[in-house]
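Open the model in your viewer and keep the selection panel at hand. The stops below say what to select next and what is there.

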Amino acid sequence: MSTKVHLDRAHGLLLLHQMLRIRRFEAKCAELYQAQKIRGFLHLYDGQEAVSVGVMQALGPADAIVGTYREHGQALARGVPMGPLLAEMFGKLEGCCRGRGGSMHIFDRARRFLGGNAIVGGAIPLALGVALADRMQDRPAVSACFFGEGAADEGEFHESMNLAALWRLPVLFVCENNLYSMGTPVGIAEAETAIWHKAAAYRMAGEAVDGMDPVAVEVAARRAVERIRAECAPYLLECRTYRFRAHSMFDAQLYRTKEEIEAWRAKDPILRFRDWLERAGHLHSGDMARLETEVEAEVAAAVAFAEAGTLEPVEDLERFVTMEEVPQ
Amino acid sequence: MSTTAPPRTTYREACRQAIRAAILADPRVFLMGEDVGRYGGCYAVTKGLLEELGEARIRDTPLSESAFVGAGIGAAIAGMRPIVEVMTCNFSLLALDQIMNNAATIPHMSGGQFAVPLVIRMATGAGRQLAAQHSHSLEGWYAHIPGLRILAPATIEDARHMLAAALDDPNPVLIFEHIMLYNMEGELDPAVQGVDIAKARLRRPGHDVTLVTYGGSLFKTMAAAETLAAEGIEAEVIDLRVLRPLDTATIIESVGRTRRVVIVDEGWRAGSLAAEVAMRIMEEAFFELDAPIRRVCSREVPIPYAAHLEQAALPQPETIAAAARGLVRPSA
């Protein structure tokens with residue numbers, strides 16, 4: 001992968017399209033949640049799309065991704081198909097995990113997408129292990145590990161930062177700093193609110209980037225991945241972002257003001273990037289309508305796929321509690 | 001025909017040979033844990049292995065149980081066959097999130113897309129005056145968790161051969177080595193090339209009472225059986241070996257022969273593995289019983305430092321024999 005971003009019309013439209021897919025998919029998810037088609041917890045990524053879309057541009061199919069519980073955007077940007085993703089949230093057999101995991105536990109072996117993990121910080125060590133296995137088996141892959149700034153409160157984050165730096169593991173730590181761990185502002189939970197500063201304590205390289213700008217994220221992620229491959233050492237990339245919607249569908253958002261949300265909405269990664277593309281002459285008249293139509297069709301097809309899905313037979317409830325063999 | 005006696009060895013040496021052989025046999029196998037390399041292992045199990053096998057395969061870790069157990073899970077998912085050593089099972093609580101929320105759940109939660117072929121070894125049990133943060137027997141807790149296989153090697157043969165079988169298992173396997181067994185000496189039959197990790201084993205036949213036990217309590221239970229034999233009571237001793245999934249059939253068969261059961265478990269009594277074994281007997285063999293089931297477990301205290309208190313907290317041959325005697329000769 002090159003570190004250079006060739007921001008031509010095609011690439012610009014690709015980034016815009018990817019962000020739009022996530023935004024429209026999740027708007028539909030919220031609707032389907034109200035209609036009780038989706039149950040349990042549903043954490044929307046609305047506002048954070050530039051992070052996943054930007055980071056994924058720097059990763060190839062051999063690389064591995066470890067996600068958070070707010071991972072629909074990470075999964076879609078990685079290429080997890082929308083139909084099986086939504087079917088999973090419907091609890092259907094055709095879901096990417098047969099409906100066993102739901103919204104917070106999206107796994108896709110074919111795309112090396114290793115969950116969907118709902119223990120904050122708990123997935124970080126997994127990325128180290130995948131990176132270690134890749135290195136021990138001479139695969140030049142990078143493991144990208146997504147987590148929120150709340151995970152930086154956890155011991156598992158610090159243990160993992162230390163171990164990854166110590167063993168020079170090819171891990172890209174991607175902090176999606178959306179300023180709130182559920183309802184607690186970062187300043188109430190962290191003595192050092194610049195998460196990327198924590199890298200220095202482990203002699204790890206790191207930087208912060210505008211997480212509302214897909215190009216800035218992509219540039220930083222490519223730089224980070226190149227450095228990880230060249231130096232065989234981990235990297236911490238803090239993406240400063242914001243979720244526009246509530247933490248989950250049960251959140252009354254008493255911890256932040258409407259004014260604050262509006263101020264961040266003015267930095268909407270999709271609108272801002274759309275306007276930039278337009279000004280740069282990359283977005284032509286009719287492009288936006290065409291993208292919207294394409295995305296609308298993809299979402300509609302995903303809904304139809306999920307609706308048509310079947311339920312896993314209850315007789316299979318205990319299947320895969322233990323495995324008969326290691327899947328190849 | 002050769003009359004050479006089988007070579008004598010120790011439980012510790014059997015554990016070491018098991019690790020060494022596994023690493024030499026399969027390039028995917030490596031060991032990581034605290035002080036496993038330069039120090040040679042907290043209980044000296046891995047002494048010399050770093051020098052022989054190198055830093056890539058014998059990895060000293062920071063004191064980060066959660067990170068290195070989690071890394072073991074990730075490495076297993078990505079094609080390796082890690083052996084992770086956790087110094088004692090009390091420390092494993094620092095990695096409980098990884099063991100329970102990741103290792104035990106990912107295969108099922110991912111709809112069977114990923115297996116976690118990981119082995120975690122840890123020391124368990126009391127008897128060396130290590131007090132309340134190094135002496136507990138938590139294998140019964142782990143045996144509560146679906147998705148895990150829990151092993152308790154009580155013999156030199158099992159210490160030597162269970163590891164290979166555990167590494168062949170596509171699922172996470174936890175091996176609990178009782179600290180009082182490491183110095184145990186005995187013969188290792190070179191003709192035995194492997195053991196199963198599915199079945200309990202009859203360690204002593206008898207017809208008057210069944211003593212069900214595992215791990216560090218096996219030899220206390222065998223000693224109790226000898227005492228009982230001198231009194232004319234023939235006890236059958238079952239070594240569970242595999243604490244999850246439990247081999248209920250072997251227990252039930254024995255109950256059919258003896259109709260009386262004592263369960264010996266170094267875990268605390270309340271909510272214990274012993275309670276689970278007892279309940280399975282109640283469910284499947286209630287009408288075979290001639291007497292209530294008895295349990296000999298650790299007393300409900302944090303294991304204390306002082307030797308006399310520590311010993312008073314643990315199952316002992318005398319308390320085991322007394323429990324069995326009380327079942328066979330209630331009026332005596």
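## Stop 1: annotated stretches

Begin by selecting residues 18-309 of chain A, which an unreviewed UniProt entry annotates as "domain: Dehydrogenase E1 component". UniProt positions are given in the numbering used here, feature names are shortened, and annotations may be inferred rather than shown by experiment. This is a predicted model, in which local features need pLDDT of at least 70, side-chain atom pairs count only at pLDDT 80 or more, and totals for chains, interfaces and linings use all residues. Residues are numbered from 1 along each chain as its sequence is written, chains are lettered from A and ligands numbered from 1 in the order in which they are written, and side-chain values use heavy atoms, with hydrogens and water left out.

Over residues 18-309, chain A is 44% helix and 12% strand, and the end C-alpha atoms are 25 Å apart. Helices (H or I, at least four residues) and strands (E, at least two) are DSSP runs, numbered from the N terminus.

Now select residues 113-133 of chain A, listed by UniProt as "transmembrane region" (unreviewed entry). This stretch is 48% helix and 10% strand, with 16 Å between its end C-alpha atoms.

In chain B, select residues 9-184, which carry the UniProt annotation "domain: Transketolase-like pyrimidine-binding" (unreviewed entry). Here the chain is 35% helix and 19% strand, and the end C-alpha atoms are 8 Å apart.

## Stop 2: between the chains

Show both chains. How many residues of chain A are in contact with chain B? There are 43, and they meet 41 residues of chain B; contact means heavy atoms within 4.5 Å. The two chains bury about 3,300 Å² between them, 66% of it on carbon and sulfur atoms. Buried area is the accessible area (1.4 Å probe) that two parts lose on being put together, summed over both. Between chain A and chain B the count is 0 salt bridges, a salt bridge being a side-chain nitrogen of Lys or Arg within 4 Å of a carboxyl oxygen of Asp or Glu.

## Stop 3: salt bridges

Over all chains the count comes to 45 salt bridges. Select A:Arg245 and A:Asp46, whose closest N and O atoms are 3.0 Å apart in a salt bridge. A:Arg245 lies in the loop between β9 (235-240) and α9 (258-265) of chain A, and A:Asp46 in the loop between α1 (9-34) and α2 (49-56), so the pair ties together parts that are 199 residues apart in sequence. A:Asp46 is buried, at 7% relative accessible area, whereas A:Arg245 is partly exposed at 30%. Buried means under 20% relative accessible area, exposed over 50%, and partly exposed in between (1.4 Å probe, protein chains only).

Next select B:Arg149 and B:Asp169, which form a salt bridge (2.7 Å, N to O). B:Arg149 is in strand β6 (residues 149-151) and B:Asp169 in the loop between α7 (156-168) and β7 (173-178) of chain B, so parts 20 residues apart in sequence are tied together. Both B:Arg149 and B:Asp169 are buried.

## Stop 4: a surface patch

Finish with B:Met279, B:Met282, B:Phe286 and B:Phe287, a nonpolar patch on the surface with about 460 Å² of accessible area together. Patches are made of residues with over 30% relative accessible area and no salt bridge: like charges are joined within 9 Å, nonpolar side chains (Val, Leu, Ile, Met, Phe, Trp, Tyr) within 5 Å. Accessible areas come from the Shrake-Rupley method with a 1.4 Å probe; for residues, only the protein chains shown count as cover. B:Met279 lies in helix α10 (residues 273-285) of chain B and is partly exposed, at 45% relative accessibility.
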